[in-house]
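Here is a short briefing to read beside the model. Have the viewer open and follow along.

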Amino acid sequence: ESVMAGENYEDVMDAKQKSQDLAEKSALEELQEVRRSLPIYTYRDQLLKAVEEHQVLVIVGDTGSGKTTQIPQYLHEAGYTKRGKVGCTQPRRVAAMSVAARVAQEMGVKLGHEVGYSIRFEDCTSDKTVLKYMTDGMLLRELLGEPDLASYSVVIVDEAHERTLSTDILFGLVKDIARFRPDLKLLISSATMDAEKFSDYFDTAPIFSFPGRRFPVEINYTSAPEADYMDAAIVTVLTIHVREPLGDILVFFTGQEEIETAEEILKHRIRGLGTKIRELIICPIYANLPSELQAKIFEPTPEGARKVVLATNIAETSLTIDGIKYVVDPGFSKMKSYNPRTGMESLLITPISKASATQRAGRAGRTSAGKCYRLYTAFNYNNDLEENTVPEVQRTNLASVVLALKSLGIHDLINFDFMDPPPAEALVKSLELLFALGALNKLGELTKAGRRMAEFPLDPMLSKMIVVSDKYKCSDEIISIAAMLSIGGSIFYRPKDKQVHADNARMNFHTGNVGDHIALLKVYSSWKETNYSTQWCYENYIQVRSMKRARDIRDQLEGLLERVEIEISSNLNELDSVRKSIVAGFFPHTAKLQKNGSYRTVKHPQTVHIHPNSGLSQVLPRWVVYHELVLTSKEYMRQVTELKPEWLIELAPHYYQLKDVEDAASKKMPKGAGKAAM
Ligand code: ADP
Ligand code: MG
């Protein structure tokens, strides 16, 4: 009898296991069916044949046709991963993470095993990883440790049309590697039609282009220019929701703050409309959105409801969300702009190009006919928008890539093989900056400090601040500040109904007008003292997620300190050392108070203001150092700390002369102007 029972038990368990296996299998099988329905599937064998026959191949196909998710899998299935990894670069972190997650799911493996991703401060790969998605910046960093990319059999430079700075630099480097590594396959994949340009650049590499599936998209313009695109976007979304047949909506905003504002206003207005209208599910997506929430945008919309995705440029070509039928395009994006004459860089809300507008509209016609609402006039479109977005290499500060190239042993930057060269002035400016930071010597060679700086995946000014903190014995404090400055998202939150409380909590960290950097340090150390308490974050109106990210980044910076042989040392009683380290890195970002309460940058005079969120916005110290400039209604300095002008001479003698800081030393300096100094 016992034997019988045993058999029975095993039978039951067996059946259970089998049905579970079946369920899993059918989910996988369903995904395989979806894979086979993608436009690229028809061309799978032709594509593999072309890869076999050519070392370098330019691939062009519509957004959403399966390039990013399928090509690496095809290569894996064809055996390329037996000889090395397949690496696929993405200009955006979110895309790298989300696409890797999708591919892991399609292959039925755990993310981080066979399929992984690597983005700055986050490595989700293992020894098993054969398909590796990564940001273009990460592959650039990997080159520092593996200059011939020996562990790769294929490198795909994906979303090449985005022309980010890192992608453009990679072009030059991988082109060179391909010459002495005939076994390396190089695929350049793009969503737009500049294929000829890519092909020309890569020694007339063949172009593999395949048609996507496009449905007609009706384009609507506004009859008059919109004064407030936020308001116009909200009204448009609500109008679509009330009047138009079902189908999801995609709205393009310029950044996280705008998206959060839009979400809040939309929720409020929807409530005002009562219960008669159908459900509207709001899904934000931007670079710093936590990954659990990122996945939400891909969940199918429930029957009878409508989804509205509030996105940054990320949804223009990097991510494809199925089911979008309506696109709302205010016509702007946030872009870096750089003035090579002054060396100043600023984030700027800029009109998009016609090429971008076309991509955005195209997102409405992927699964059926759609509509695009452009919140600008047809005249505007025809006469004011540029044809193409200017590649980043021509509108950004080059210091960090120049430092990377120098550490790769590439010295002749003027003759570097750029697809579109940066202005010579910009190159010279970045060399000058690296010299002033002590990363390069007079001959333009990397110094010991420069070598150490290149180890950090940070802007050279931040790396300098860290390297110099060794001298001032405050590396412990400085890496906390560097981590807090590198989070990307906001640290404080300010709910509409509790603004006063939130502002008070924030000002607590500013007691003594210590400056924003020290306030950030206080936030971090107070949180650490509570043993990283979530409750403490709630009580102080601080974003828990941002803090956790800061801790992760800080851990990694601590690891890197060890690598460059800098000891962790703490000097909390001497905050001047902390501030000196900041100035030693950020001395090009200094400004002096004017009579009217505005500031003037010291080296290349330009009018700037302290950002209203700064703890010093009411204090107005005479001399300040700032982290970055942001141009909104005015040119604002964000993250500001007071400095003593004589430090500039002491810390940056190659950059500042006495005359730059002169009036500080004279008696003209008003009494008490330095009172917040410690
Ligand atoms: P391309 O690179 O050509 O633009 P992709 O390979 O990114 O195309 O997308 C192919 C398909 O995979 C699209 O239908 C897209 O919606 C789907 N997809 C991509 N990432 C995800 C994800 N994280 N979750 C669900 N579907 C996804
Ligand atoms: Mg893609």
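By class, how many nonpolar, polar and charged residues does the shell around ligand 1 have? There are four nonpolar, ten polar and three charged residues; Ala, Val, Leu, Ile, Met, Phe, Trp, Tyr, Cys and Pro count as nonpolar, Asp, Glu, Lys and Arg as charged, and the others, Gly among them, as polar.

This is a predicted model, where local features need pLDDT of at least 70, side-chain atom pairs count only at pLDDT 80 or more, and totals for chains, interfaces and linings use all residues. Residues are numbered from 1 along each chain as its sequence is written, while chains are lettered from A and ligands numbered from 1 in the order in which they are written.

**Around the ligand**
- Ligand 1 is surrounded by 17 residues, the closest being Lys67, Thr68, Thr69, Arg102 and Phe298 (C-beta atom, placed from the backbone, within 6 Å).
- Helix 3 (67-77) and helix 4 (93-107) are the elements that give two or more residues to this shell (helices are DSSP runs of H or I, at least four residues; strands are E, at least two; both numbered from the N terminus).

- Six strands in the order 9-16-13-10-12-11 make an open sheet with parallel pairing (two strands pair if DSSP finds at least two bridges between them).
- At the edges, strand 9 (217-221) and strand 11 (280-285) each pair on one side only.
- Six bridges join strand 11 and strand 12 (residues 306-311) in the parallel sense, and Ile282 stands opposite Val308 in strand 12.
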